[in-house]
Amino acid sequence: MTDDRSNNQVFLMGRVSADPEERVLPSGDTVVSFRLIVPRTAAALRRSKQPIDTFECSVWGAVLRRSARRLTAGAEVEVSGELRRRFSRSSGGPVSWVTVDVDSCKKVATPAVTSTS
């Protein structure tokens, strides 16, 4: 049963940490993954010394995967999607983490650097 008042949407703007990786899962599904580095706000920095947050992003759709594969380390992007909690097993027992299932991803134009000489 879905509740129209519920909402699972996230919008992030940040920098791609490394070139995206494409993997074929045991199920046969293909996913492109990348990490997004997002600076923390001034308010968040008052509560923590951690200056950034890093988010794992997963891209599933074929068209969006082609676009995501062209991203490069350092690219500034806007990402929107839904949060997902993933589970796996390791030698130490069950492990879980949160990812962003990407619905849209676009490069952000970086401002031109102007000379003041």
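Analyst: Glu56 stands opposite Thr99 in S6. Helices (H or I, at least four residues) and strands (E, at least two) are DSSP runs, numbered from the N terminus. The model is a predicted one, in which local features need pLDDT of at least 70 and side-chain atom pairs count only at pLDDT 80 or more, while totals for chains, interfaces and linings use all residues. Residues are numbered from 1 along each chain as its sequence is written, and side-chain values use heavy atoms, with hydrogens and water left out.

S4 and S6 run parallel to each other and are joined by 3 bridges; two strands are said to pair if DSSP finds at least two bridges between them. S6 also pairs with S5, here in the antiparallel sense and over 14 bridges. One of the residues involved is Glu82, whose bridge partner in S6 is Asp101. S5 and S6 form a hairpin, with 2 residues between them.

From S5 the pairing continues to S1, with 6 antiparallel bridges. Arg15 has Glu76 of S5 as a bridge partner, and in S3 its partner is Ile37. S1 and S3 run antiparallel, joined by 2 bridges.

Glu56 and Thr99 also belong to the lining of the largest pocket, along with Arg23, Leu25, Val31, Ser33, Ser58, Trp60, Arg86 and Trp97. On a 1 Å grid over the protein atoms alone, a pocket is an open set of points where a 1.4 Å probe fits, with protein on both sides within 12 Å along at least five of seven lines; lining residues have an atom within 4 Å of a point. The volume of this pocket is about 170 Å³, a volume being the space filled by probe spheres set on the points. Strands S3 (30–39), S4 (52–59) and S6 (93–107) each give the lining at least two residues. By class the lining has 4 nonpolar, 3 polar and 3 charged residues; Ala, Val, Leu, Ile, Met, Phe, Trp, Tyr, Cys and Pro count as nonpolar, Asp, Glu, Lys and Arg as charged, and the others, Gly among them, as polar.

In a regular strand the side chains alternate between the two faces of the sheet. The largest nonpolar core has 18 residues, and Phe34, Val77, Val79, Val102 and Cys105 have the most contacts inside it. Such a core is a set of buried Ala, Val, Leu, Ile, Met, Phe, Trp, Tyr and Cys residues joined through side-chain atoms within 4.5 Å. Buried means under 20% relative accessible area, exposed over 50%, and partly exposed in between (1.4 Å probe, protein chains only). Two or more core residues come from each of S1 (10–16), S3, S4, helix H2 (62–69), S5 (76–90) and S6. S3 gives the largest share, 4 residues.

Val102 is in contact (heavy atoms within 4.5 Å) with Cys57, Ser58, Val59, Leu64, Val79, Ser80 and Gly81, leaving out residues up to four places away in sequence.

Ile52 lies in S4 and counts as partly exposed because its relative accessibility is 29%. Beyond its neighbours within four places in sequence, Ile52 touches Ile37, Val38, Pro39 and Arg40. Ile52 and Arg40 are 12 residues apart along the chain, and their C-alpha atoms are separated by 5.1 Å.

These parts belong to a protein with 2 helices and 6 strands, in the order β-β-β-α-β-α-β-β along the sequence.
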